[in-house]
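Dear colleague,

Please find the structure below, handed over for your records. My notes on its disulfide and salt-bridge pairing follow.

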Amino acid sequence: MIIKKQTISFFILFCFGLLIKTVNAQNLNNLVETLATSLQTVEAAKQEYSQSLKLLENNYVNYSLTAIDAKGNTEEVIYNFSFGDIDINTVRSVTKKDVIIVQLLINSKQKLIKEVSNNGDKISYTDNLAFFAKNIDNARDLVDAIKNIIPTNETLEKNKLALTSYQDHINWLEKNVQDVDNVKTQIIQKIEGSTKNDGHIKLSTTINSKSKTKAIDAEFNLATLNPNSLMYKISGEEFFIQASNRRNIKAIKVFQDGVQQSYTNVIYFYCNSIENAKDLYKVLSQSIPLAEKALEASKPSINTTANAVSYLNKVIANISSNETSYTQSIEGDCVSKIIVKETNPKGSTDNLYTFNFSDINTDNIDYDSSKTQLFLEINTRKKAKFIRHLKNDELQNYTDSFKIYFENIEDALTAKEALQTITRNCEDYQGTPNVTSVSSGLEALKKEITIVKIGDDNFDQTFEIVSTNPYTVKLTEVFSNLKKSVEGIFEFGLADINPKNISIATAGKSTLVELNTNHLEKIIKTYEDGNIKSYSYKLAIQATDIENARNIAALLKQTIEQLK
């Protein structure tokens, strides 16, 4: 019974809406007829103007203005427009020398009036036109008649499209992004919505002219477009709607004649009439937020680190971009490895990035593009060079960023959230050891401070306890390579080290744990090859990688704090 009542209510509302629309349409027809009868032939000093106005089925009008000069030469211009676009506050009569005109200006100075002249060979667009008045009384009649038409036409325009769901809007776009026949060019257009990714659109455009044919395919997601970027654009006889991506990021994938081009941030929808342009503008404006919601609702579950890693491995495994392909994978959780193998006609390059997600800047993970490559860039906090990089198994300088590549914008958008999920989950990373006593901390340091090899350079380090009352320790470092060998010894009291200033740093391919004394006092005893050197206030411990450095730093801080 409830369902039946709801159906009846909907039917009544539908019929009522249809009745109102019919009444408004008839009212518009009567108002336009009143205006048309007020348009008269106007004689000026050198020309005579004849005018006619006709209401079209789509509630637009054709206004024909014919000028005849003293020699009998005739020039006709036909204007096609909607009174719903006219700024009612600008409708007024203006005297220009020997004629009185009634000006009509489009809202916001948009060029929504189609102007056809030269027997149809010339098409242009303008934001204004004028009716000619026989005298001031006729001008006043015209002004009144126009001001009566505008609100009725506005209501019809507003209630024209009754689209609700995201799919309704996509269906409309697929049917109404149509071919355009201009005088000099023919434009064939087709829009296809995706059944795989909500918001994904493929716009195929073929532009035919006398000299050449150009086929352009653009793939993008409506959710990435900036609704405030939509605008009408005119280039010669071509009328189109331009839209761009948020923040102007180039994430629209483009192919020309089947060959992938550089990503772009701008898309064009060609229009076959002013009416088509306005409808398209309206539907696109409404589609963008609907696409955002649809895309968000369709995203897989990535709220755990395991799910996020699984999703990433699914979408980054094999990516192709023209002649370049990428084979990628991610391993681990907070401490992770990402492998990026790049292959092109010149060869292949294996890149291995090792890092900790706790070091990654969550807010700075974002998608971007370079030529034909779409990627996410991952950056460390404060640009700290904490990412270890192996290239073809050879250690490179530590870096603060790297890129992961993607096939389409939908994968990149979801991957961005997946990476941010992992980063947030790792903010309170607890992988470092927990010190319960000074002696346990010192024993752990002996194991962590060890031999470090960087290419041909070797750092053979040993950490020893000199005394326990007070706690004094000794760091011995023997540096050697193919050219030389140097022994350095650093002896210092644990209590003299400032735990708050213990930090991790990288220098080229090296990872260091840096220590300073309290108040920067020069009290660290230093030897080089057995010779006493000047006392120092600082020293650096070599680490095998960032995680080893993190452990050494944590052990030192906790051990020193145990002394208090």
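In these notes, buried means under 20% relative accessible area, exposed over 50%, and partly exposed in between (1.4 Å probe, protein chains only). This is a predicted model, in which local features need pLDDT of at least 70 and side-chain atom pairs count only at pLDDT 80 or more, while totals for chains, interfaces and linings use all residues. Residues are numbered from 1 along each chain as its sequence is written, and side-chain values use heavy atoms, with hydrogens and water left out.

A salt bridge is a side-chain nitrogen of Lys or Arg within 4 Å of a carboxyl oxygen of Asp or Glu; the count is 15. One of them pairs Glu 443 with Lys 446 (3.2 Å, N to O). Both residues belong to helix H7, three residues apart, about one turn of the helix; helices (H or I, at least four residues) and strands (E, at least two) are DSSP runs, numbered from the N terminus. Glu 443 is partly exposed at 39%, and Lys 446 likewise is partly exposed, at 33%. Shared partners also join Asp 85, Glu 157 and Lys 278 into one salt-bridge network.

For disulfides (cysteine sulfur atoms within 2.5 Å), the count is one. This disulfide links Cys 334 to Cys 426, S to S 2.1 Å, and is left-handed, with -95° about the S-S bond. Cys 334 lies in the loop between strands E20 and E21 and Cys 426 in the loop between helices H6 and H7, so the pair ties together parts 92 residues apart in sequence. Cys 334 is buried at 13%, as is Cys 426 at 1%.
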